[in-house]
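Reader: I would like a close look at a single part of this model, taken slowly and with the cut-offs spelled out.

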Amino acid sequence: MKARTKYTLISIISLILFILLWEFLSQTGIVSARKLPAPSKLFDTFIYKLSNKNPDGGTLGEHIATSMKEALLGFFFGIAIGVPLGICMAWFKKFDMFFRPLFDLIKPIPPVGWVPIMITFFGIGIMSKVSVIFIASFIPATINAYSGIKQTKDVHMWVAQTFGAKNRQVLFTVAIPSAAPMIFTGARVALNGSWVSLVAAELIASIKGLGYMIQTARLVGRIDVVFVGVLVIGVFGAIMMSTLSYLEKKFVKGGRR
Amino acid sequence: MTMPKLSMTKDSRETLLYGILGIIAFLFVWQLACMYTNFGKIFPTPLVSIRAFFLAFVQPIGRYTLLSHIAISLRRVLVGYALSSVAGVIIGLLMGYSKMAYAIIYPIFCIIRPIPGIAWIPLAILWIGIGESTIYFIIFMGGFSQMVMNTMDGAQNLDTELVGVAKVLGAQENQIFSKIVLPSTIPYIFTGLQTSLSTSWMAVLAAEMITAREGAGWLILAGMQTGRIENNVIGMISIGAVGLVLASLLRNLERRLCRWSVRSR
């Protein structure tokens, strides 16, 4: 217990020193404030950005809302289609043989690679982002659901069969629950990928959203806004990830019981 | 590993049949969509795309041919990836092994960790300008935190019994590190290498789309901007192929180096 308090204390001190050093370097001009704005300045910018539309035509809240909406929509569609597809591929052999090569063809293409094509199809609005994010989350969701089902213990299935379970019952009462942790891993990878490709898509072509905000701020040379945007992207990414982990803990435990 | 059999079993013949059926169905739908819907107004037919793909090997797109574009992207990825892997392993080991280092570095690392590599692009451009080192930096940031997290995980999930035994038998601190900590971390490092390779590959695409005048990412974006979607398709296919080759090379290496490990699949 004592060692633990010591290390916590060190952590806090380290963080404070880091921020103080940053503030110091920037305030004294050792590192130009044009390259590294001081934390106090960033805080001011953050407050300012909450209510002010300059320089990119949207408040911080609006950008966050847009980005979250796009990311979550694409993510849910990706999960809603990817997980059943993965389960079907793992359970029905013919289905697997038919879709496998196609899936293998799409799988290695990084989601960011789809951005230009989607923009050509859907323009720079919300649809193009949602479809890129859909691909980003659909692929890991499928892969993980697939391997989750494939890793079902034979013994468990034999037991179910011995007790007269139908094929469908084995799938729903044995295979899918035992694949739940893998499916959640897939969801975690998918969410991460969604957020990354959202930022990329918004950087490349967009009219709103956090990626757009930092890109515009760069073009007009507002490095403080870029910094705030990047930090906000990080924070919201972390919030979404921990929400998912929380759900996982709740859900998977319930499934095992 | 068993040797592949020359004579095909019924199973593998069936797999092949259905696989080919799937691909043909896909191409067929693509062709039909091009012929009868608006899709065809912007999107090339499969034949046109395949022709363009082979042409791109000899005819330059922009300033380079397809192979040179890919080589350029590949070089960028490998430089950034190598740097982030080395740095990530060092910091990860440090944090995983020493509680003190963990207490000092981890809170600061937590600020950086959730930021996707791609989000660093605008900052990198403002800091370094437009050029190769910017792209290296972006790729570095793309893979770095995953490397750190995985390596740290490995070093923290150490079998404490092994360390205890070594201590009892009189091993020095540095011996424990090199004989126990390092080897048992390697499977985790490989997991990190795998994930960070795919994010690096993604980061180079995004970076090239935004700041470069050459490379596979540029190829894709230029295809969109000049309305030549076939270039776009070519770029995606080649990126996918190269990514696949890199990933399987790495998996082979892992299988060879960590034959003893339970985690290596």
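How many residues of chain B are in contact with how many residues of chain A?

Author: This is a predicted model, in which local features need pLDDT of at least 70, side-chain atom pairs count only at pLDDT 80 or more, and totals for chains, interfaces and linings use all residues. Residues are numbered from 1 along each chain as its sequence is written, while chains are lettered from A and ligands numbered from 1 in the order in which they are written.

Chain B places 44 residues in contact with 40 residues of chain A, two residues being in contact if their C-beta atoms, placed from the backbone, lie within 7 Å. Among the elements that give two or more residues to this side of chain B are helix H5 (99-112), helix H9 (173-211) and H10, where helices are DSSP runs (H or I, at least four residues) numbered from the N terminus. The most comes from H1(B), with eight residues. By class, the side of chain B that touches chain A holds 35 nonpolar, seven polar and two charged residues; Ala, Val, Leu, Ile, Met, Phe, Trp, Tyr, Cys and Pro count as nonpolar, Asp, Glu, Lys and Arg as charged, and the others, Gly among them, as polar.

H10 of chain B (residues 216-225) also meets helix H4 of chain B (residues 66-97), their axes coming within 7 Å and crossing at roughly 130 degrees, with axes being lines fitted to C-alpha atoms over the stretch in contact and angles running from 0 to 180 degrees between N-to-C directions. The contact joins His69(B), Ile70(B) and Ser73(B) of H4(B) to Ala216(B), Gly217(B) and Leu219(B) of H10(B), and its residues divide into three nonpolar, three polar and no charged.
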